[in-house]
Amino acid sequence: MREIIEKANQIRDVINYIKVFKNALAVIHIDDEIISSPLLPSHIHDISLIHEAGIKVIIVPGARGQINNALEEQKISWQIKNGFRITNERAMPAIKTAAFDVANNIMNILAGEHLTAVIGNWVKARGKGIIDGTDFGSAGEIDKIKIDAIKQTLENGFVPIFPCIGWNDLGKPYNISSTELAAQIAIHLKVEKLFFIFPDAQISRKEFSLPNEISLSQEGNVPAMNVEILSKILKLNSDLNSEKNSRKEKLLAIFKLAKNACENGVSRIHILDGNTEGILPCEIFSAIGSGTMIFNNGYGDLRPMRDDDIPSVLSLMSPFVKSGILLPRNFQELKSQLHNYIVYNVDGGIHACAALKKYDGDQMEIYSVAVDEAYGNMGVGPKMINFLLEKAKSCGAKSVFILTTQTADWFEKLGFVADKIDSIPQKRKKIWSEKRGSKVFRILF
């Protein structure tokens, strides 16, 4: 029965997200290591499915490894500084050929999925020039992106592919950063989602210094964070020695791009492990996803419960009722107490709930606390409790109590302390069950 409920919830998530992101726009950057891996056709297949579901897609492939190979074959030297390849103009034909070979490869795989892709010269660039005495040669900076041409391509049902090449007004090509290009496209088009797919993209305390308040998954990875937390991570890891850990350097560079994108209108940025098959649809069509999501403060909100939320709230409560953590509730009961409840809403889906009830005198009770298991490590529960505590204060309460059988440790961690059953209001004590044996915990103001 539990398996059926979990499958049903997964299907509901998929249906909900297909509706939410219908006609949405996503920019997908694919790292060059994934481009050359056996999993590339699988990821492209998933991109085609996403496109069929109504999400418009732009692909920006990385080509660093392929460019390295092309330059080595022609015995052309180069170096990387501040994330940019430094070489002379003689290298540009090889760089351009390698970048377009990668784009053509993706276009051919998409053709096998019955999707038409277009490789265009939509990026105007300028040379980086000489900075602090270093001549960056063929490395370029993005000057302008031809937004109208891209929009027209998307409207025609095509998938734009951007090689990491830009041209100046005279047609001179420059090698530009594919990750920066993906971020800039996302910003200019104000897309709903920006994806970075590259190998071993897990973010954990094994490699990064993370703030104490950050929530981790059961595997110890960061499932989601807002821009404020991201800023703290960048500050805590600012002393990186890039020679020791190039993967960490790449992640931090993406963090910086993600922060800038979020601050400039991109709703959500997703960092995904390209070594995991199916990671992209799992991230898009489920509430919590399988990678790390970076979001602005508009992601998820606490709001009063509405009539049309009640079926979702009852479904959310169901496993907690069966395990004896919550008392059974029915539709009419929730409807009659609608004003007591708050819910945590993400993209139209309800993933947590809690209620606050006032008694005669100066006591209030928090009850019916339920959090979707997928959100258990995202700080949603404490966020709801703190919200209701502040609400209780504003209503003049001197204390707030809870009754629990199995979650005492969790409430104690939030500052509640054990109290006697005789301390609760007489009206509440009358419906307390000695057989159930719930214990009282309280916060005093």
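Me: Which residues does leucine 110 touch, not counting residues up to four places away in sequence?

Reply: In this predicted model, leucine 110 touches Ile44, Ile59, Leu115, Ala117, Val159 and Ile161, leaving aside residues up to four places away in sequence, where contact means heavy atoms within 4.5 Å. Local features need pLDDT of at least 70 and side-chain atom pairs count only at pLDDT 80 or more, whereas totals for chains, interfaces and linings use all residues. Residues are numbered from 1 along each chain as its sequence is written, and side-chain values use heavy atoms, with hydrogens and water left out.

Me: Why is serine 368 called buried?

Reply: Buried means under 20% relative accessible area, exposed over 50% and partly exposed in between, with a 1.4 Å probe and protein chains only; serine 368 stands at 4%, and therefore counts as buried. Serine 368 lies in strand E20 (residues 363-371), strands being DSSP runs (E, at least two residues) and helices likewise (H or I, at least four), numbered from the N terminus.

Me: Why is lysine 190 called partly exposed?

Reply: The relative accessible area of lysine 190 is 48%, so this residue is classed as partly exposed. Lysine 190 sits in the loop between helix H7 (178-189) and strand E13 (193-198).

Me: How do you know that the span of H7 agrees with what a helix should have?

Reply: The expected span is 1.5 Å times one less than the number of residues; for the 12 residues of H7 this should be 16 Å, and because its end C-alpha atoms are 16 Å apart, the two agree.

Me: What makes a set of residues a nonpolar core, and how many residues has the largest?

Reply: A nonpolar core is a set of buried Ala, Val, Leu, Ile, Met, Phe, Trp, Tyr and Cys residues joined through side-chain atoms within 4.5 Å. The largest has 75 residues, and those with the most contacts inside it include Leu110, Ile59 and Phe416. Helix H5 (residues 92-112) gives the largest share of this core, 10 residues.
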